[in-house]
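User: I would like to learn how to read a helix and its surroundings in a model. Please take me through one case.

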Amino acid sequence: MFFHIVMERNMQLHPRHFGRNLRENIVSKLMKDVEGTCSGRHGFVVAITGIENIGKGLIRDGTGFVTFPVKYQCVVFRPFKGEILEAVVTMVNKMGFFAEAGPVQIFVSNHLIPDDMEFQSGDMPNYTTSDGSVKIQKDSEVRLKIIGTRVDATEIFCIGTIKDDFLGVINDPATA
Amino acid sequence: MSIEPFNRLVKLTARAFYDDITTKGDNQPKTSRSDNRGIAVVVLDALTRRQWVREEDLAKDLKLHSKQLRRTLRFFEEEKLVTRDHRRETAKGAKIFSAAVAATADGHHTKEGEEKIKLHTHSYCCLDYAQIYDVVRYRLHRMKKKLKDELEDKNTVQEYICPNCGKRYTALDALRLISMEDEYFHCESCNGELVAESDKLAAQEGGDGDDNARRRRREKLKDMLQKMEVQLKPLMDQLNRVKDLPVPEFGSLQAWEARASAAARSNGDSNGNDPSKSSQGLGYGGTPMPFLGDTKVEVAFSGAEGNGENIKSETENTSLKVLPPWMIKQGMNLTQEQRGEVKQEAKMDGSSAAVEFSDDKKSTIESDDQKNIQDEYVKAYYAALLKKQQELEEAAKKQEELSNPNISNGLSGMSSGRQVGMKSKRDEDEGDDDVDWEEAPVAGNSNEHYKVDLNVEADAEADAVAEDDDDVDWEEG
Ligand SMILES: [Zn+2]
C-alpha cells in the first residue's frame, strides 16, 4: 500500500556545499540518500515530493560538518499481509516462484499455486495447467495476495498466494 | 413487491446468528436476571411487522425498557441490519409520524390537536432489507471461506525441513535458500536439499503426536464445515429464493412519511367501494401498519392476511397461488387454498396457537370520515348478526331432536342468506373464515391479546424449518 507521509532526517553536509545553493544541495543529497531505501516501519521510500522545512544547522565539533534537521514529504510503499498486489515473475523453480512488485520481492511456494498447475522444467521452467491455457513463467504478470511479510530493519520480504478467487496470471508475455 | 420472503430471511437470520446475543451495559453484573438472550430475535421479528417505527413505541409494544431496546437496536445498527434515524422534533412533529402510521392503517387523518413547542429527540428504526441480504450473504461467505482456507492450509506459511540436520525454515527464508545450481532450496548449514513439510507429513503417515493433533484439527474443521452446511441450509435456501426478488425499500424516514401521508390523502378521497380499501379499515384486530408502496397499484392483496397477525402492510400478504380478494365474489366456488390457504395455516396454528397478536394498541382510531363510520357500522352489524346466528344455530341444534323444524328452518334459511354475504365480505377482509370466528374483528373492538412465548416461537421456527415450506406462515409475536 502506498502512503504519503512526512518524515524527518538529520542531514550531514560537508562545508564545501555551503553557499547560496545550500538548500538545493541539501535536497539533492536527501533524495540521493533516502529514495529507494527501505525501513521496516515505513516501507520503501518511493519518492520525495516536497520539503516541509529545514531547521537550523548545527556545526559538529572538529569536523566542520553541519547537521540540518530536514522534514520532508514522501511517498512510501509498504506491503501488508492480506494485500493484493500485481507483480512480475522473476524466477520459477520447483519450490514455487519469485516475483517482484516494484522494490518488493515475493515468494509463492508451490502449495499456494492452484493444484491444477504443474511444474514443467526445462529452459523456461513454468507452472502450467493441464490444458495449457494458463502458464506462469519468467516475466509473467500475476496478481497475488500477500499472506506473510518478513520485516527487517532494512528489508521487507513477502510470501504470497495465487490460490484464491481472481488471483493468478493477468498478463502472459508469451501470448502478448 | 413482496416482503414476506425477506421477512422470513430476517427471521432465519435472527435465529441463526443472534439467538444467543446479549446486549447489556458494561457496568451491569452478569446475573440471570439481566440475561436477555433472545431479545434480539424478538426485536427483529417485531421489526419485520413494521416499517419505520418510533423506538419508544416499539419498546412499549414489546414491553421492553427503552434503554434495553435502544442497546439492541444499536447493536443491530452496527450489524447493518437496521437503519436508524434520529431527529429533534416538537410534539407536533411526532404527531405527523403518528398520523402517517394511522393513515396507513385505515386512511384516516388523526386530529392534529394541541401542540407544544418543546423539542424532543426521537429515534426511529427500520429494517434495511437490501443491506440485510448483502450482510447475510457476506457473513456466510466469510464463514465458509475461513473454514475452507484453514482446511486447505491456504494461508499458512510453508515450512521446510533439512532432512540431514533437521533445521527448519519457512517460506519467508526463501530468498536465502535458493541455490544457483538447481531448482531446490538448500540448507544454510549443511547444504542439504530441503523438503517441504507437508510432503514429509504425507510421506510418513501416522507420525508423531504433532501430526496427530494436526489431523484431528483437520477432521474437526471438516466436521464444522459440514455442520455449517447442514444447519444453515434453510438460510441459504432462503437467500437463493430472495435473490431475484425486488428488495422492499422504504426509503428514508422523511420520504416514507411523505409517501404515507400522500397515500392517506388519496385514501380519504377515493375510498369508494373498493374492497381492498375497506378491508384496511377492518383490520382492527391487529397492528395498524404503516403504508407500504402505492395503494393504487396494489393488486396482489390476498387472504393470507388472516394468518394470525392480521395486519401487516397490505403488500406483505401477496401469496402467489391465492386469488386476490377482489376476485372472490359472492357465490364463487373456491377451495380454502384459493381463498387463502387456511388449511396450511391451521396446521401451523397448532404450534403457534398464541398467534392472536396485536402488539400495537393503535387500534382505537377515531374517524371523522363519514364513509368509514358507515363501514364500521355495517361491519359491526354483520358481526353482531353472525354471532346471533351462531347462537341461534346452536340453540337450533339442541332443539333439533325436540324438533320444531319450521322455526329452525326458517331461521337458518334466513340467516344463511345473510351468511353468504357475510362470508364473502369476511373473505375480502380477512380470508380467515374458519379460524377464530369469535374473534371477528368488530369495529372498535381492539383485541389486545399480546402473548410472547419464546418457546412457542421456537417450535414454530423448528416446524417451519423442518417443513421448509415457503408458504407456511409461522410468524408470531
Ligand atoms: Zn541441514
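This is a predicted model: local features need pLDDT of at least 70, side-chain atom pairs count only at pLDDT 80 or more; totals for chains, interfaces and linings use all residues.

User: How many helices and strands does chain A have?

Analyst: Chain A has 1 helix and 14 strands. Of its 176 residues, 40% are buried. Among contacts in chain A with a separation of 6 or more, 61% are between residues 24 or more positions apart.

User: How far apart are the end C-alpha atoms of helix H1 of chain A, and what span should its 13 residues have?

Analyst: At 1.5 Å a residue, H1 (residues 22-34) should span 18 Å, and its end C-alpha atoms are 18 Å apart, which agrees. Just after H1(A), Gly36(A) has a positive phi of about 90 degrees.

User: Which residues of H1(A) are buried?

Analyst: The general idea is that an α-helix has 3.6 residues a turn, so residues three or four places apart point the same way. Here the buried residues are Ile26(A), Val27(A), Leu30(A) and Val34(A). They cover an arc of only 95 degrees around the axis, so they are on the same side of H1(A).

User: What covers the buried residues of H1(A)?

Analyst: The cover includes S1, strand S3 (43-54) and strand S5 (66-77) of chain A.

User: Which residues make the nonpolar surface patch of about 240 Å²?

Analyst: Met1(A), Phe3(A) and Phe80(A) make that patch. Phe3(A) belongs to strand S1 (residues 2-13) and is partly exposed, with a relative accessible area of 32%. Chain A as a whole exposes about 9,400 Å², of which carbon and sulfur atoms supply 49%.

Note on methods: Residues are numbered from 1 along each chain as its sequence is written. Chains are lettered from A and ligands numbered from 1 in the order in which they are written. Side-chain values use heavy atoms; hydrogens and water are left out. Helices (H or I, at least four residues) and strands (E, at least two) are DSSP runs, numbered from the N terminus. Buried means under 20% relative accessible area, exposed over 50%, partly exposed in between (1.4 Å probe, protein chains only). Contact means heavy atoms within 4.5 Å. Accessible areas come from the Shrake-Rupley method with a 1.4 Å probe; for residues, only the protein chains shown count as cover. Patches are made of residues with over 30% relative accessible area and no salt bridge: like charges are joined within 9 Å, nonpolar side chains (Val, Leu, Ile, Met, Phe, Trp, Tyr) within 5 Å. A salt bridge is a side-chain nitrogen of Lys or Arg within 4 Å of a carboxyl oxygen of Asp or Glu. The expected span of a helix is 1.5 Å times one less than its number of residues. The arc is that of the directions from the helix axis to the C-beta atoms.
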